[in-house]
Amino acid sequence: MKALLFLGCTVPVRNLNYELSARKVCEILGVELVDDQALACCGYPLKGTDQAHALTIAARALAQARAHGLPLVALCSACAGTLAEAEHHLAHHPEEAARVNAELAPLGLEYAPGVRVTHLVRYLLEEVGLEAIKAKMTRDLGEFTFAPHYGCHYLKPAEIIGGLDDPEAPTSMGRLIEATGAKVDNYPRLKDCCGGGVLGADEDLAGSLAGAKLAELNAREVTAMVLVCPFCNVMYEGQQKAIAKRMDTKFKVPVVYLTQVLGLGLGLEPDELGFKLNRAKPKELLAAFKE
Amino acid sequence: MRLNDCDPGFKHEVAAEPGGEGIRACFACAACSARCPVGANRPDYDPRRLIRLTLLGRRDEVLSSPLIWLCSSCYTCGEVCPQQVRFTEVLTAIKNIAAREGHAPPSAKITAELLAKQGRLLEVTDFENDKRADLGLPPVEQRPGDFQAILGLKPAEGEAGEEPR
């Protein structure tokens, strides 16, 4: 199994624990991730104000994946969603594809429909398969309970990226967490948006969206909240203290990436999975790995 | 509200923008508003109201409203809409028109400039690559050339130049 890794802008700078654990997990599961330095931004940051250029930038990445002849796999849900939406839009709008190709031609690139774009987690489920992943597990995390946060662009729009989960009742992250033997908490606010999309426009508003979920999980005393997107991480880990302060309370909600949980189940040590870089540390989890 | 102040062409303008087509299908059931997480925290943000204002042709009011920039783009509205309006995309179409008329928040210009300068949103220096090397991760590079060409922007004097190709 071979895929082109789309790192995006945020993960390789701010979320090295996610990248490291994703690479390690893929290695164990027999997925070869190919790097290409030319891949950079997915176009999402421009979409709200300049979707024509955002689409060209996304098409640029799709054209590069096509040149490699590989599926494009992203760690960030916004990147995965933006690229999948661009593929869908261009495949259904030949006139837009022609416009984009006129802009890509001077760069020596050409978009053509048919590039497969997925979030890494989905790729693992669909290509490696849950049973094969379970078979590689060497460590039982049965004493821990994790609360998945699916986020929005991992699930929606279902008409474009559906098929894996029902956005109203997602289970894919839970199935992977259970593969490690750990328990899953499908808490009432499971489907809440992190608010990261409005952080730039209105910090208070973004904080209210994330804060409701943090408050709920704080009371449920889960081992950790589990993420698959660096933007959700900005809200739940990066902003956690600031949000608590604004709500005049204190939170201690540990935050980890799904690939870190999988890595522990696959027998890797916390240091190999970048847990030193987690700021909202899963103390209970890490204590179990101390000699 | 005076009908004479309304622009009956505005809905067609929005519908002509990519993603804006769905606005024609809205029958005002407010499923979008009921499930909107932003609206739950900011009652003045109401997707159905923004759609109605657009259909009525309240062009200036919609395009200059700070509310249009508050969508978290969670797509919940689209999942529950019985008419495939796809409000997230409709609002993207509206925001694109607003941006062309000078209503975009300052961050929009900065984003394009960062992409033209760095080829990515976040800067990568030796500091970041040293940290990556410590963890055994391969270096990442800044290659802004393609982004400058696509956006038609050159970085400011003295800033990061062309990458080796």
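Two residues are in contact here if their C-beta atoms, placed from the backbone, lie within 7 Å. By that criterion, residues 24 or more positions apart account for 63% of the contacts in chain B with a separation of 6 or more. The structure is a predicted model, and the points below take up its two chains, A and B, beginning with chain A and ending with the contact that chain A and chain B make.

**Chain A as a whole**

- Chain A holds 15 helices and 8 strands, and its radius of gyration of 19 Å is close to the 19 Å that the globule rule gives for 291 residues, so chain A is as compact as a globular protein of that length.
- Taken along the principal axes, the C-alpha atoms of chain A fill a box of roughly 55 × 45 × 30 Å, and 58% of the 291 residues of the chain count as buried.
- Of the contacts in chain A with a separation of 6 or more, 78% are accounted for by residues 24 or more positions apart.

**The two domains of chain A**

- The domain assignment divides chain A into domain 1, covering residues 2–120, and domain 2, covering residues 130–287, and the centres of these domains, taken over C-alpha atoms, are separated by 24 Å.
- Where domain 1 of chain A meets domain 2 of chain A, 23 residues of domain 1 are in contact with 25 residues of domain 2.
- On the side of domain 1 of chain A that touches domain 2, the elements giving two or more residues are α1, α2 and α5 (77–92) of chain A, and α2(A) gives the most, with 10 residues.
- The residues on that side of domain 1 of chain A divide into 12 nonpolar, 8 polar and 3 charged.

**A parallel sheet in chain A**

- Chain A contains an open sheet of 4 strands in the order β6-β5-β7-β8, with parallel pairing.
- The edges of this sheet are β6 (183–184) and β8 (255–257) of chain A, each of which has a single partner strand, so one side of each is left without a neighbour in the sheet.
- Strand β5 of chain A, residues 145–148, pairs with β6(A) in the parallel sense over 2 bridges, and Phe146(A) has Val184(A), in β6(A), as its bridge partner.

**Helices against the sheet**

- Helix α10 of chain A, residues 172–179, lies across β5, β6 and β7 (224–227) of chain A and runs at about 160° to β5(A).
- Helix α14 of chain A, residues 258–265, also packs on the sheet, where it touches β5, β7 and β8 of chain A, and its direction makes about 70° with that of β8(A).
- Because 6 of the 8 residues of α10(A) are buried, this helix is largely enclosed by the rest of the structure.
- The buried residues of α10(A) are Ser172(A), Met173(A), Gly174(A), Leu176(A), Ile177(A) and Ala179(A), and they pack against α7 (120–128), α8 (130–136), β5, β6, β7 and α14 of chain A.
- Just after α10(A), the backbone at Gly181(A) takes a positive phi of about 90°.

**Chain B as a whole**

- Chain B comes to 10 helices and 0 strands, and its radius of gyration of 20 Å is well over the 15 Å that the globule rule gives for 165 residues, so chain B is more spread out than a compact globule.
- The C-alpha atoms of chain B fill a box of roughly 60 × 35 × 25 Å along the principal axes, and of its 165 residues 38% count as buried.
- The domain assignment of chain B gives domain 1, residues 3–100, and domain 2, residues 106–151, and the C-alpha centres of domain 1 and domain 2 of chain B lie 33 Å apart.

**Where chain A touches chain B**

- The contact takes 45 residues from chain A and 42 residues from chain B.
- On the chain A side of this contact, the elements that give two or more residues are α1 (11–14), α2 (16–29), α3 (44–47), α4 (51–68) and α11 (203–220) of chain A, and the largest share, 5 residues, comes from α4(A).
- The residues on the side of chain A that touches chain B divide into 23 nonpolar, 12 polar and 10 charged.

Terms used. Residues numbered from 1 in each chain as written. Chains lettered and ligands numbered in written order. Predicted model: local features only at pLDDT ≥ 70, side-chain atom pairs only at ≥ 80, totals over all residues. Nonpolar A, V, L, I, M, F, W, Y, C, P; charged D, E, K, R; others polar. Pairing = 2+ DSSP bridges. Axes fitted to C-alpha atoms, helices over the stretch in contact; angles between N-to-C directions. Buried ≥ 20, exposed ≤ 12 C-beta atoms within 10 Å, placed from the backbone. Rg over C-alpha atoms; globule rule 2.2 N^0.38 Å. Domains from an automatic or database assignment.
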